[in-house]
Amino acid sequence: MARKQGPHVLHRLSPLVVKNTRRPGRYADGGNLYLQVSTGGAKSWLFRYRLDGRSREMGLGPVHSVDLDTARKLATERRALLHARVDPIESRNATRSVLLAQEGTRTERKTWKWCCETYVADVKIPELTNAKHAAQWGTTLATYTYPLLGNKWVDEITLHDVLAVLKPIWLEINETATRVRSRMEAVWGWAKVKNYCRGDNPAVWKTNLQHLLSSPDKVQDPDGQCKLPHLWPPQTGPGKDDRIMKARC
C-alpha cells in the first residue's frame with residue numbers, strides 16, 4: 001500500500017503500487033491526481049478538483065495507456081489551468097470540439113474513435129449532469145474498444161469486431177462488458193443516423209449477440225459479480241485441477 005503522508009505531499013504512489021493495487025477504491029498521488037480501481041479491476045487516472053464551489057472529476061485515461069509519470073504531467077498541466085481560473089474539463093471539451101470539427105471536414109469516413117468521442121461530447125456530456133458518469137462513458141469506450149477498433153472506419157466494423165472486444169471480458173468482468181456492449185450499440189446507432197455507416201447494428205443484443213454470448217443474468221450473481229464458469233471441455237484424470245481457471249470480476 002502507498003505510504004501515509006501529509007495531504008499536500010506529491011508523488012505518494014510508485015509504479016509498483018500502481019501495478020499491485022487490486023482493492024477497488026481511489027488512491028491519492030497528491031496534486032489532485034488519483035488512481036481509481038473499479039470493482040471490475042480496471043484501473044484509470046482521475047483528476048479531482050474544486051472550482052467556483054463546484055467539485056468535478058476528470059478522467060485522464062486508463063493505466064495501461066497512461067503510465068504514472070505521464071499521469072503526473074497531465075495533472076500538472078491541469079493544475080496550471082486551475083491556477084488561471086480555467087476549468088480543465090471545459091478547456092478539454094472546447095479543444096476536442098475544434099479538433100473533431102476539423103477532422104470531420106477532412107473526410108466523409110469516420111473512425112470508431114472519432115465517432116465515440118463525438119458522440120460523448122455532443123450527446124452524453126450535455127445529457128449527463130454528473131461529470132463522473134460522463135467521464136466513465138468515454139473511459140469505458142477508450143479502455144475496451146480503442147485498442148482493437150479505435151483507428152478502424154466505423155463503416156467497416158462487423159459483428160466479428162464486436163465479439164473480439166467482448167468475448168475476452170464477457171465472463172471475467174460481465175457487468176463492465178455489458179456496459180461496453182450497450183455503449184458500442186449507442187455509438188454505432190448514432191453513426192448510422194449520421195450516415196457514417198449502414199446496415200444492422202453489430203452490437204445489438206436481441207436476435208444478434210444473444211445467440212453468441214452467455215446471458216448476463218446467467219453469468220452474474222445478484223450482486224453483479226461473475227459466477228464461476230463451467231469447466232469445458234470436462235477434464236478427467238490426473239492434473240485436471242491444474243487446468244481449472246477461476247473467473248474474476
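This is a predicted model: local features need pLDDT of at least 70, side-chain atom pairs count only at pLDDT 80 or more; totals for chains, interfaces and linings use all residues.
User: What makes up the secondary structure of the protein chain?

Analyst: The protein chain has nine helices and four strands. Along the sequence they follow the pattern α-β-β-β-β-α-α-α-α-α-α-α-α.

User: What is the order of the strands in the sheet, and how are they paired?

Analyst: The four strands form an open sheet in the order 1-2-3-4, and the pairing is antiparallel.

User: Why is one side of strand 1 and of strand 4 left without a neighbour in the sheet?

Analyst: Strand 1 (25–30) and strand 4 (54–62) stand at the edges and each has a single partner strand, so one side of each lacks a neighbour in the sheet. From one strand to the next, the twist averages 30°.

User: How do you know that strand 2 and strand 3 pair?

Analyst: Two strands count as paired if there are at least two bridges between them. Strand 2 (residues 33–37) and strand 3 (residues 43–51) have five bridges, in the antiparallel sense, so the pairing meets the definition. Leucine 35 stands opposite tryptophan 45 in strand 3.

User: What share of the residues count as buried?

Analyst: A residue is called buried when its relative accessible area is under 20%. Of the 249 residues in the protein chain, 40% count as buried. The accessible surface of the chain comes to about 15,000 Å², and carbon and sulfur atoms account for 53% of that surface.

User: What share of contacts join residues at least 24 apart?

Analyst: The share is 49%, taken among contacts between residues at least 6 apart in sequence.

User: Which residues lie nearest the centre of the largest pocket, and what lines it?

Analyst: A lining residue has an atom within 4 Å of a pocket point. The lining of the largest pocket holds 40 residues, and Gly59, Gly61, Arg92, Arg96 and Glu117 lie nearest the centre. Strand 4, helix 2, helix 3 (88–106), helix 4 (112–127) and helix 5 each supply at least two lining residues. Strand 4 gives the most, with eight. The space in this pocket is about 880 Å³.

Terms used. Residues are numbered from 1 along each chain as its sequence is written. Side-chain values use heavy atoms; hydrogens and water are left out. Axes are lines fitted to C-alpha atoms, for helices over the stretch in contact, and angles run from 0 to 180 degrees between N-to-C directions. Buried means under 20% relative accessible area, exposed over 50%, partly exposed in between (1.4 Å probe, protein chains only). Contact means heavy atoms within 4.5 Å. Accessible areas come from the Shrake-Rupley method with a 1.4 Å probe; for residues, only the protein chains shown count as cover. On a 1 Å grid over the protein atoms alone, a cavity is a set of points where a 1.4 Å probe fits but cannot get out, and a pocket is an open set with protein on both sides within 12 Å along at least five of seven lines; lining residues have an atom within 4 Å of a point. Grid points are joined across faces, edges and corners, and a volume is the space filled by probe spheres set on the points.
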